[in-house]
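Reader: I would like to learn how to read side-chain and helix features from coordinates. Could we go through them one at a time?

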Amino acid sequence: MNDNVRPESMVRITTPALAESFIQEQIQKIQEQVKDKKVLLALSGGVDSSVVAALLVKAIGKQLVCVHVNHGLMRKGESEQVIEVFQNQMNANLIYVDATDRFLDLLAGVSEPEKKRKIIGGEFIKVFDEEASKLEGISFLAQGTIYPDILESDGVKAHHNVGGLPEDMQFELVEPVKLLYKDEVRVVGKALGLPAEMVDRQPFPGPGLGVRCLGAITRDRLHALREADAILREEFANSGLAQKVWQYFIAIPDMKSVGVKNDKRYEGWPAIIRAVNTTDAMSATIEEIPYEVLHKITARITAEVEGINRVLYDLTPKPIGTIEWE
Ligand code: XMP
């Protein structure tokens, strides 16, 4: 039997009770597979790797070593949340690597989107590899592979996945959620006690804010992007849009326009809001955002974020626009 095929008889996990029995079953399987050996996991803070981490912490505790690489392109507060949840609350074995300078130095002056993605993906593997080689006695590599990844492994996602690790790593794989769909992973995550913000997190590209700070990334524009994005998320949460919109974020192009602030000329970047609904990310529609909310977001971003003097709303569906701007 091919264990990468979801059996017809497998029940869709939709309730806490079903999640609980899945968790118990996986704990036993993981313990049988791993025994007293050590397992390494690249923990991005995304839904899939977080659920795998929580499951493994339950099954094997400190035999799991999580490595969280902060590439400096995370959303505001995300790396902090990984540390808070896994190190402080779950008492997991977590290695935190702040590689911000490495990534931003390599990306300086690089404006071509695919080149940026390659640099980020390549450096991620390098940093992770360096951390792995400092550790002794690791026998397994855990991964947050989910069923759509298996189904689409020849398709678009393969080159998308920055978390993709080197082929030559000599580890046996532990992939406890590989037969689950995304909604099931979320139900399991909730049953494992992960915070709702983490379990319901939007899809976030591996290269992170790197593909939303358009063109050559600079630290000041990246900072403005992160702050504006945090305001957008806050206002979407306050107005109930966060539950209705599949993916929403800010992108900032590498261009300035003239503005006026405190009676003085104020040149700044525009912050572009993107808010889309989709089921499969292949096509997407635009969410109707109440004008009131748009005005509030505009007022807050232009008042609170240094360097931004305009806010725009992108009305373009996919196709013709892709969801991300690069
Ligand atoms: P596009 O921009 O192609 O995006 O319409 C479709 C979905 O894929 C996400 N995306 C990425 N995910 N690495 C990722 O892991 C990437 O390089 C990447 N580019 C786009 C995007 O956020 C959307 O959900």
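Author: Start with a charge over a ring, which is counted if NZ of Lys or CZ of Arg is within 6 Å of the ring centre and within 35 degrees of the ring normal. Here the charged end of K256 sits over the ring of W269, at 4.9 Å from the ring centre. R212 does likewise with F249, its charged end being 3.8 Å from the centre of that ring. Before going on: this is a predicted model, in which local features need pLDDT of at least 70 and side-chain atom pairs count only at pLDDT 80 or more, while totals for chains, interfaces and linings use all residues. Residues are numbered from 1 along each chain as its sequence is written, and side-chain values use heavy atoms, leaving out hydrogens and water.

Reader: What about ring against ring: how many aromatic pairs are there?

Author: Rings of Phe, Tyr and Trp (its six-membered ring) pair if their centres lie within 6.5 Å; planes under 30 degrees apart are stacked, over 60 edge-to-face, and the rest tilted. That rule gives two aromatic pairs. One of them is edge-to-face, because the rings of Y147 and Y181 have planes at 90° and centres 5.6 Å apart.

Reader: Where do Y147 and Y181 lie?

Author: Helices (H or I, at least four residues) and strands (E, at least two) are DSSP runs numbered from the N terminus. Y147 is in helix α6 (residues 147–151) and Y181 in the loop between β5 (172–174) and α8 (182–191), so the pair ties together parts 34 residues apart in sequence.

Reader: Is Y147 buried or exposed?

Author: Buried means under 20% relative accessible area and exposed over 50%, with partly exposed in between (1.4 Å probe, protein chains only). Y147, at 8%, is buried.

Reader: Which residue does the side chain of K116 join in a polar contact of 2.7 Å?

Author: A polar contact is a pair of N or O atoms within 3.5 Å; within protein, one must be able to donate a hydrogen and the other to accept it, and residues adjacent in sequence count only if both atoms are side-chain atoms. The partner at 2.7 Å is the side chain of E326. The side chain of K116 also reaches the backbone oxygen of C213, at 2.9 Å. K116 belongs to helix α5 (residues 113–134) and is buried, with a relative accessible area of 0%. For contacts in general, the test is heavy atoms within 4.5 Å. Leaving aside residues up to four places away in sequence, K116 touches several others, including L107, V110, G210 and I217.

Reader: What of other residues in α5?

Author: K126 is also placed in helix α5, and at 47% relative accessibility it is partly exposed. I119 is in helix α5 too; with residues up to four places away set aside, I119 touches L106, L107 and V110. The C-alpha atoms of I119 and P207 are 9.3 Å apart, although 88 residues separate the two in sequence.

Reader: How should a whole helix be read?

Author: Begin with its span, expected to be 1.5 Å times one less than its number of residues. Helix α1 (residues 16–34) has 19 residues and should span 27 Å; its end C-alpha atoms are 26 Å apart, which agrees. Then list its buried residues: A19, F22, I23, Q26, I27, I30 and V34. Seen down the axis of α1, they fall within an arc of 140° (the arc of the directions from the helix axis to the C-beta atoms), so they line one face of the helix. These buried residues pack against β1 (38–42), α2 (47–60), β4 (138–142), β5 and α8. Exposed residues A17 and E32 are on the face of α1 turned away from the buried side.

Reader: Which residues of α11 are buried?

Author: In α11 they are V293, L294, I297, R300 and I301. Their arc around the axis is only 135°, which puts them on the same side of α11. They are covered by elements including α10 (219–238), β6 (247–251), β9 and β11. The face turned away from the buried side carries exposed Y291, E292, H295 and A303.

Reader: And the backbone: which peptide bond is cis, with omega near -15°?

Author: That bond runs from K318 to P319, and P319 is in the segment after β11 (308–313). As for phi, N91 is not a glycine, yet its phi is positive, near 60°. N91 is in the loop between α3 (78–89) and β3 (93–98).
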